[in-house]
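Here's a quick tour of a protein with its ligand. Have a look at the model, then read on.

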Amino acid sequence: MLDQKNIKTNVPLAPYTYIKIGGPAKYFYVANSSDDIVDAVNYALNDNLNYLILGLGGNILFSDEGFDGLVIPNRASSWQINEEEKNVVAQSGVILKPFVTDLAIKGFAGLEFFANIPGSVGGAVAGNAGAYGHSISEEISWVKFIDPEGEIITENKDYFEFEYRTSRIKKGYRATILEVCFDIYPKSSEELLRQIEEDEALRKGKHPEYPSCGSFFKNISREITAGKLIEDAGLKGFKVGNAMVSDKHANFIVNTGNATAKDVKELADHIANVVKEKTGYDLEREVVYV
Ligand SMILES: Cc1cc2nc3c(=O)[nH]c(=O)nc-3n(C[C@H](O)[C@H](O)[C@H](O)COP(=O)(O)OP(=O)(O)OC[C@H]3O[C@@H](n4cnc5c(N)ncnc54)[C@H](O)[C@@H]3O)c2cc1C
């Protein structure tokens, strides 16, 4: 049972996102375990409340009006390596960096491409996060989740219809991920740790210092990237209010200080229109609007 005294009201969401934008959540309940998540979702379903599970806020843009319902920041963060079965079961609030680093230290590969993606396991799986031509869904064995009716079920990865940076969940199927089982395999610890470090250094050089949601639009293909199309359209540095196309990486919309969600959305629409006009390509959003 959810202890109602732990539900806060009117909590500003901006600090819980990487881009530092968003109005208040009407209700806000921090889940410290999978049981807490189940209780919170059941509470919302019973009260007919809209609800949203929040990972690290790396891929989300909350509106300036906030969220009229229950936001559930997910802090359920333990994992269990099964050496014999060559897999690891992680709770959905596990943060990728410490998790994948721990696997690397113990000499297990499979998730190293995703170590430096700012996100939780749940957020990364819901959005099929990826890097270097790899997507996290490739390593999934099964997912335990709460379905839209509140039932806890386990399904293998086919159920989630993963595609490049999307899944059935991202397309609107209301599943709340509790645990994910990933396949892993032995590899040299030094090699894995070096790979993670090199990727981190590369990201530091490439990514803007300002707050952002990461890549805003999906690439058209590995060769035709959204960043290149936006840069070639002459949009680097273009601003709406305090939202700006990063001059370091054109596929990042950055918050240069007190930008609103409205600024970001107007800028994103402008970018998509200009790119369409100049190249004929339709840019599809990677960031989730709430
Ligand atoms: C600087 C920077 C660099 C980035 N680089 C990359 C990159 O290289 N590759 C990449 O793919 N992405 C990248 N991103 C985007 C982001 O980090 C990833 O999409 C990440 O997986 C988001 O995870 P999260 O936990 O922060 O999700 P959130 O932003 O918290 O949530 C995103 C969506 O997932 C849903 N969700 C979260 N948890 C669950 C759950 N348990 N069950 C069901 N749904 C859930 C939320 O409700 C929301 O709709 C980057 C972002 C930043 C800021």
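## Ligand contacts

A backbone N or O atom of Gly123 sits 3.3 Å from a nitrogen atom of the ligand, a polar contact (N or O atoms within 3.5 Å). Arg165 puts a polar side-chain atom 3.3 Å from a ligand oxygen, and a polar backbone atom of Leu56 is 3.0 Å from an oxygen atom of the ligand. Taken alone, the ligand exposes 980 Å², and the protein buries 90% of that (Shrake-Rupley areas, 1.4 Å probe).

The model is predicted: local features need pLDDT of at least 70 and side-chain atom pairs 80 or more, while totals for chains, interfaces and linings use all residues. Numbering starts from 1 along each chain as its sequence is written, and side-chain values use heavy atoms, leaving out hydrogens and water.

## The shell

In total, 33 residues surround the ligand (a heavy atom within 4 Å). By class, 15 are nonpolar, 15 polar and 3 charged, with Gly counted as polar.

Five strands make an open antiparallel sheet, ordered β6-β7-β13-β11-β12; pairing takes at least two DSSP bridges. Because β6 (79-82) and β12 (152-156) are the edges, each with a single partner strand, one side of each lacks a neighbour in the sheet. The twist averages 15 degrees from one strand to the next (axes fitted to C-alpha atoms, angles from 0 to 180 degrees between N-to-C directions).

Conventions
A polar contact is a pair of N or O atoms within 3.5 Å; within protein, one must be able to donate a hydrogen and the other to accept it, and residues adjacent in sequence count only if both atoms are side-chain atoms. Helices (H or I, at least four residues) and strands (E, at least two) are DSSP runs, numbered from the N terminus.
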